[in-house]
Amino acid sequence: MSESTYPANELATLRAECEQIVARYPQSRSAIGPMLHLIQSVDGYVSPRGIALCAEVLGLTRAEVSAVATFYSQYRRSKNGTYNVGVCTNPLCAVMGGDIIWETLTERLGIHDTETTEDGQITLERLECNAACDYAPVIMVNWEFFDNQTPESALKIVDDIEAGRDLVPTRGPNKVGTFTEVSRVLAGFEDGHADEGVGAGEASLLGLRIAREKNWTAPRENPDHTVSKADGTEGIDPVGDAGSSADSQPAQHKGTKSVEGGAK
(Lines give C-alpha, C1' and ligand atoms only; values in the text may rest on other atoms or scores of the structure.)
Protein backbone atom coordinates (compact mmCIF):
# COMPACT_ATOMS: atom_id res chain seq x y z
CA MET A 1 0.00 0.00 0.00
CA SER A 2 1.42 3.38 -0.98
CA GLU A 3 -1.42 5.56 0.34
CA SER A 4 -0.56 7.61 3.40
CA THR A 5 -4.10 7.46 4.77
CA TYR A 6 -7.04 5.06 4.53
CA PRO A 7 -10.07 5.86 2.39
CA ALA A 8 -12.90 7.26 4.53
CA ASN A 9 -15.11 4.16 4.47
CA GLU A 10 -12.19 1.81 5.17
CA LEU A 11 -10.97 4.05 7.96
CA ALA A 12 -14.37 4.04 9.64
CA THR A 13 -14.52 0.24 9.58
CA LEU A 14 -10.95 -0.14 10.83
CA ARG A 15 -11.46 2.37 13.63
CA ALA A 16 -14.63 0.58 14.76
CA GLU A 17 -12.82 -2.77 14.81
CA CYS A 18 -9.91 -1.25 16.71
CA GLU A 19 -12.38 -0.03 19.32
CA GLN A 20 -13.81 -3.56 19.55
CA ILE A 21 -10.34 -4.86 20.32
CA VAL A 22 -9.68 -2.15 22.91
CA ALA A 23 -12.95 -3.02 24.68
CA ARG A 24 -11.56 -6.48 25.50
CA TYR A 25 -8.89 -5.12 27.83
CA PRO A 26 -8.93 -3.23 31.15
CA GLN A 27 -5.93 -1.18 29.94
CA SER A 28 -6.23 0.13 26.41
CA ARG A 29 -2.54 -0.26 25.51
CA SER A 30 -2.90 -4.03 25.98
CA ALA A 31 -4.79 -3.99 22.67
CA ILE A 32 -1.73 -3.00 20.66
CA GLY A 33 -0.75 -6.57 19.71
CA PRO A 34 -4.04 -7.67 18.11
CA MET A 35 -4.48 -4.23 16.59
CA LEU A 36 -1.22 -4.63 14.70
CA HIS A 37 -2.45 -7.98 13.37
CA LEU A 38 -5.63 -6.22 12.27
CA ILE A 39 -3.54 -3.69 10.34
CA GLN A 40 -1.70 -6.58 8.66
CA SER A 41 -5.03 -8.13 7.68
CA VAL A 42 -5.77 -5.00 5.65
CA ASP A 43 -2.36 -3.86 4.40
CA GLY A 44 -0.41 -7.14 4.39
CA TYR A 45 2.15 -5.61 6.76
CA VAL A 46 2.34 -3.06 9.58
CA SER A 47 2.11 0.04 7.45
CA PRO A 48 2.95 3.61 8.47
CA ARG A 49 -0.72 4.59 8.19
CA GLY A 50 -1.64 1.58 10.35
CA ILE A 51 0.87 2.62 13.00
CA ALA A 52 -0.59 6.13 12.95
CA LEU A 53 -4.12 4.78 13.42
CA CYS A 54 -3.09 2.51 16.32
CA ALA A 55 -1.31 5.39 18.01
CA GLU A 56 -4.33 7.64 17.63
CA VAL A 57 -6.82 5.10 18.98
CA LEU A 58 -4.63 4.09 21.91
CA GLY A 59 -3.38 7.56 22.78
CA LEU A 60 0.24 6.52 22.22
CA THR A 61 3.02 7.96 20.14
CA ARG A 62 3.92 6.41 16.82
CA ALA A 63 7.30 5.55 18.30
CA GLU A 64 5.65 3.51 21.06
CA VAL A 65 3.60 1.56 18.53
CA SER A 66 6.63 1.08 16.26
CA ALA A 67 8.61 -0.27 19.22
CA VAL A 68 6.18 -3.19 19.50
CA ALA A 69 5.92 -3.70 15.74
CA THR A 70 9.70 -4.01 15.41
CA PHE A 71 10.16 -6.25 18.47
CA TYR A 72 7.99 -9.24 17.52
CA SER A 73 8.78 -11.29 14.43
CA GLN A 74 5.18 -11.90 13.35
CA TYR A 75 4.78 -8.21 12.57
CA ARG A 76 6.09 -7.39 9.10
CA ARG A 77 7.53 -4.02 8.13
CA SER A 78 7.26 -4.72 4.41
CA LYS A 79 4.57 -6.41 2.35
CA ASN A 80 4.39 -10.13 3.11
CA GLY A 81 3.57 -12.77 0.54
CA THR A 82 0.13 -14.34 0.29
CA TYR A 83 1.65 -17.41 1.92
CA ASN A 84 4.38 -17.28 4.54
CA VAL A 85 6.35 -20.52 4.29
CA GLY A 86 8.38 -21.02 7.45
CA VAL A 87 10.97 -23.79 7.63
CA CYS A 88 12.27 -24.80 11.04
CA THR A 89 16.04 -25.28 11.13
CA ASN A 90 16.49 -25.53 14.89
CA PRO A 91 18.65 -28.52 15.93
CA LEU A 92 16.04 -31.29 16.00
CA CYS A 93 14.33 -30.30 12.76
CA ALA A 94 17.72 -29.57 11.20
CA VAL A 95 19.15 -33.04 11.85
CA MET A 96 15.87 -34.64 10.75
CA GLY A 97 16.09 -32.89 7.39
CA GLY A 98 15.16 -29.26 7.98
CA ASP A 99 18.45 -27.93 6.64
CA ILE A 100 18.05 -29.93 3.43
CA ILE A 101 14.45 -28.71 3.06
CA TRP A 102 15.62 -25.12 3.50
CA GLU A 103 18.32 -25.52 0.86
CA THR A 104 15.83 -27.17 -1.50
CA LEU A 105 13.28 -24.36 -1.20
CA THR A 106 15.78 -21.51 -1.48
CA GLU A 107 17.14 -23.06 -4.66
CA ARG A 108 13.67 -23.73 -6.06
CA LEU A 109 12.29 -20.25 -5.30
CA GLY A 110 15.47 -18.24 -5.78
CA ILE A 111 14.92 -16.32 -2.54
CA HIS A 112 16.31 -16.42 0.98
CA ASP A 113 15.19 -15.64 4.52
CA THR A 114 12.29 -13.10 4.71
CA GLU A 115 12.41 -12.52 0.96
CA THR A 116 9.32 -12.70 -1.25
CA THR A 117 8.89 -14.10 -4.74
CA GLU A 118 8.36 -11.59 -7.55
CA ASP A 119 4.71 -12.60 -7.94
CA GLY A 120 4.08 -11.84 -4.26
CA GLN A 121 2.80 -15.33 -3.53
CA ILE A 122 5.46 -16.72 -1.18
CA THR A 123 7.57 -15.23 1.59
CA LEU A 124 10.20 -17.72 2.74
CA GLU A 125 11.22 -17.62 6.39
CA ARG A 126 13.81 -19.52 8.36
CA LEU A 127 12.12 -20.16 11.71
CA GLU A 128 13.86 -20.80 15.01
CA CYS A 129 11.21 -23.24 16.21
CA ASN A 130 7.74 -24.28 15.09
CA ALA A 131 6.92 -25.70 18.56
CA ALA A 132 6.21 -29.12 17.06
CA CYS A 133 9.41 -31.07 17.71
CA ASP A 134 7.51 -34.36 17.91
CA TYR A 135 6.76 -34.01 14.19
CA ALA A 136 10.18 -32.88 12.97
CA PRO A 137 10.98 -31.64 10.44
CA VAL A 138 8.12 -29.16 10.33
CA ILE A 139 7.04 -26.39 7.97
CA MET A 140 4.43 -23.80 8.88
CA VAL A 141 2.43 -22.07 6.18
CA ASN A 142 0.68 -19.00 7.58
CA TRP A 143 1.15 -20.61 11.03
CA GLU A 144 -0.55 -23.90 10.10
CA PHE A 145 1.39 -27.15 10.61
CA PHE A 146 2.83 -29.33 7.88
CA ASP A 147 4.43 -32.18 9.83
CA ASN A 148 7.07 -34.79 9.03
CA GLN A 149 8.23 -33.00 5.90
CA THR A 150 10.67 -34.11 3.23
CA PRO A 151 12.25 -32.09 0.41
CA GLU A 152 9.70 -33.65 -1.95
CA SER A 153 6.67 -32.76 0.20
CA ALA A 154 8.04 -29.24 0.73
CA LEU A 155 8.31 -28.77 -3.02
CA LYS A 156 4.71 -29.93 -3.38
CA ILE A 157 3.61 -27.16 -1.01
CA VAL A 158 5.29 -24.63 -3.27
CA ASP A 159 3.83 -26.24 -6.40
CA ASP A 160 0.32 -26.14 -4.90
CA ILE A 161 0.67 -22.46 -4.00
CA GLU A 162 1.87 -21.56 -7.48
CA ALA A 163 -0.94 -23.59 -9.07
CA GLY A 164 -3.59 -21.94 -6.88
CA ARG A 165 -4.57 -25.19 -5.20
CA ASP A 166 -5.86 -25.28 -1.62
CA LEU A 167 -3.29 -26.17 1.01
CA VAL A 168 -4.42 -28.76 3.55
CA PRO A 169 -2.35 -28.74 6.76
CA THR A 170 -1.48 -31.85 8.72
CA ARG A 171 -3.32 -30.42 11.71
CA GLY A 172 -5.70 -27.50 11.90
CA PRO A 173 -8.42 -26.19 9.56
CA ASN A 174 -9.49 -27.85 6.36
CA LYS A 175 -7.36 -25.43 4.34
CA VAL A 176 -4.77 -22.75 4.98
CA GLY A 177 -5.99 -19.17 4.87
CA THR A 178 -4.04 -16.37 3.25
CA PHE A 179 -1.63 -14.26 5.28
CA THR A 180 -4.16 -11.45 5.58
CA GLU A 181 -7.00 -13.83 6.48
CA VAL A 182 -4.93 -15.44 9.23
CA SER A 183 -3.81 -12.01 10.47
CA ARG A 184 -7.46 -11.13 11.04
CA VAL A 185 -7.91 -14.28 13.12
CA LEU A 186 -4.82 -13.36 15.16
CA ALA A 187 -6.47 -10.00 15.76
CA GLY A 188 -9.28 -11.90 17.49
CA PHE A 189 -11.93 -12.03 14.77
CA GLU A 190 -13.00 -15.67 14.36
CA ASP A 191 -13.28 -17.17 10.88
CA GLY A 192 -15.41 -20.17 11.82
CA HIS A 193 -12.66 -22.75 11.18
CA ALA A 194 -11.41 -23.26 14.74
CA ASP A 195 -12.95 -26.72 15.17
CA GLU A 196 -12.00 -28.16 11.81
CA GLY A 197 -9.47 -30.88 11.16
CA VAL A 198 -7.09 -32.61 13.54
CA GLY A 199 -6.08 -30.86 16.75
CA ALA A 200 -3.39 -32.63 18.73
CA GLY A 201 -1.91 -35.55 16.80
CA GLU A 202 -0.90 -39.00 18.03
CA ALA A 203 2.70 -38.04 18.79
CA SER A 204 1.54 -35.21 21.05
CA LEU A 205 -1.03 -37.37 22.84
CA LEU A 206 1.16 -40.45 23.34
CA GLY A 207 2.41 -39.44 26.79
CA LEU A 208 -1.11 -38.68 27.98
CA ARG A 209 -2.38 -42.04 26.72
CA ILE A 210 0.39 -43.94 28.52
CA ALA A 211 -0.25 -42.00 31.74
CA ARG A 212 -3.94 -42.88 31.63
CA GLU A 213 -3.23 -46.54 30.91
CA LYS A 214 -0.89 -46.71 33.92
CA ASN A 215 -3.07 -44.48 36.11
CA TRP A 216 -0.26 -41.96 36.58
CA THR A 217 -1.21 -38.64 38.09
CA ALA A 218 0.68 -35.48 38.97
CA PRO A 219 1.90 -35.34 42.61
CA ARG A 220 -0.01 -33.06 44.96
CA GLU A 221 2.20 -30.86 47.11
CA ASN A 222 1.38 -30.24 50.78
CA PRO A 223 2.57 -27.30 52.92
CA ASP A 224 5.12 -29.54 54.74
CA HIS A 225 6.71 -30.34 51.36
CA THR A 226 5.45 -33.92 51.22
CA VAL A 227 3.80 -35.10 48.07
CA SER A 228 0.93 -37.53 47.69
CA LYS A 229 1.81 -40.24 45.18
CA ALA A 230 -0.49 -42.18 42.91
CA ASP A 231 -0.15 -45.31 45.10
CA GLY A 232 -1.42 -43.44 48.15
CA THR A 233 1.94 -43.13 49.90
CA GLU A 234 3.74 -39.91 50.75
CA GLY A 235 7.31 -38.78 50.29
CA ILE A 236 9.46 -35.68 50.74
CA ASP A 237 9.42 -33.17 47.91
CA PRO A 238 13.04 -33.13 46.63
CA VAL A 239 12.97 -29.36 46.05
CA GLY A 240 11.52 -28.78 49.52
CA ASP A 241 12.81 -25.74 51.32
CA ALA A 242 15.15 -24.87 48.47
CA GLY A 243 12.17 -24.32 46.20
CA SER A 244 10.44 -22.31 48.87
CA SER A 245 13.42 -20.04 49.49
CA ALA A 246 13.91 -19.49 45.76
CA ASP A 247 10.29 -18.44 45.44
CA SER A 248 10.76 -15.88 48.21
CA GLN A 249 13.55 -14.04 46.40
CA PRO A 250 12.90 -10.96 44.26
CA ALA A 251 12.38 -11.66 40.58
CA GLN A 252 15.18 -9.44 39.29
CA HIS A 253 18.46 -10.62 37.75
CA LYS A 254 16.70 -13.24 35.61
CA GLY A 255 17.35 -11.52 32.30
CA THR A 256 13.68 -11.15 31.38
CA LYS A 257 11.90 -8.11 30.03
CA SER A 258 9.03 -6.49 31.87
CA VAL A 259 5.99 -6.20 29.64
CA GLU A 260 2.95 -4.27 30.75
CA GLY A 261 -0.05 -4.26 28.53
CA GLY A 262 1.85 -5.80 25.64
CA ALA A 263 4.60 -3.19 25.47
CA LYS A 264 7.08 -1.18 27.54
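A nonpolar core is a set of buried Ala, Val, Leu, Ile, Met, Phe, Trp, Tyr and Cys residues that are joined through side-chain atoms within 4.5 Å. In the predicted model described here, the largest such core holds 25 residues, of which Met 35, Leu 36 and Val 65 touch the most other members. Helices α1 (8-22), α2, α3 and α4 (62-69) each supply at least two residues of this core, and the greatest contribution, six residues, is that of α3. Apart from this core lies another, made up of 19 residues, including Leu 105, Ile 111, Ile 157 and Val 176.

When its neighbours within four places in sequence are left aside, Leu 36 is in contact with Val 46, Cys 54, Val 65, Val 68, Ala 69 and Tyr 75.

A polar residue, Ser 47, was also examined. Ser 47 is found in the loop that runs between α2 (32-43) and α3 (48-58). Because its relative accessibility is 1%, and the limit for a buried residue is under 20%, Ser 47 counts as buried. The side chain of Ser 47 makes a polar contact, at 2.5 Å, with the side chain of Asp 43. Beyond its neighbours within four places in sequence, Ser 47 is in contact with Tyr 6 and Ile 39.

Helix α7, which spans residues 179-186, gives the most to the lining of the largest pocket, with five residues. By class, the lining of the largest pocket comprises eight nonpolar, four polar and six charged residues.

A search of the whole structure for cavities of 30 Å³ or more finds one, and the largest cavity holds about 30 Å³ of space. His 37, Gln 40, Gln 74, Trp 143, Phe 179, Val 182, Ser 183 and Leu 186 form the lining of the largest cavity. Both α2 and α7 supply at least two residues of this lining, with the largest share, four residues, coming from α7. The lining of the largest cavity divides into four nonpolar and four polar residues, with no charged residues.

Definitions and conventions:
Residues are numbered from 1 along each chain as its sequence is written. This is a predicted model: local features need pLDDT of at least 70, side-chain atom pairs count only at pLDDT 80 or more; totals for chains, interfaces and linings use all residues. Side-chain values use heavy atoms; hydrogens and water are left out. Buried means under 20% relative accessible area, exposed over 50%, partly exposed in between (1.4 Å probe, protein chains only). A polar contact is a pair of N or O atoms within 3.5 Å; within protein, one must be able to donate a hydrogen and the other to accept it, and residues adjacent in sequence count only if both atoms are side-chain atoms. Contact means heavy atoms within 4.5 Å. On a 1 Å grid over the protein atoms alone, a cavity is a set of points where a 1.4 Å probe fits but cannot get out, and a pocket is an open set with protein on both sides within 12 Å along at least five of seven lines; lining residues have an atom within 4 Å of a point. Grid points are joined across faces, edges and corners, and a volume is the space filled by probe spheres set on the points.
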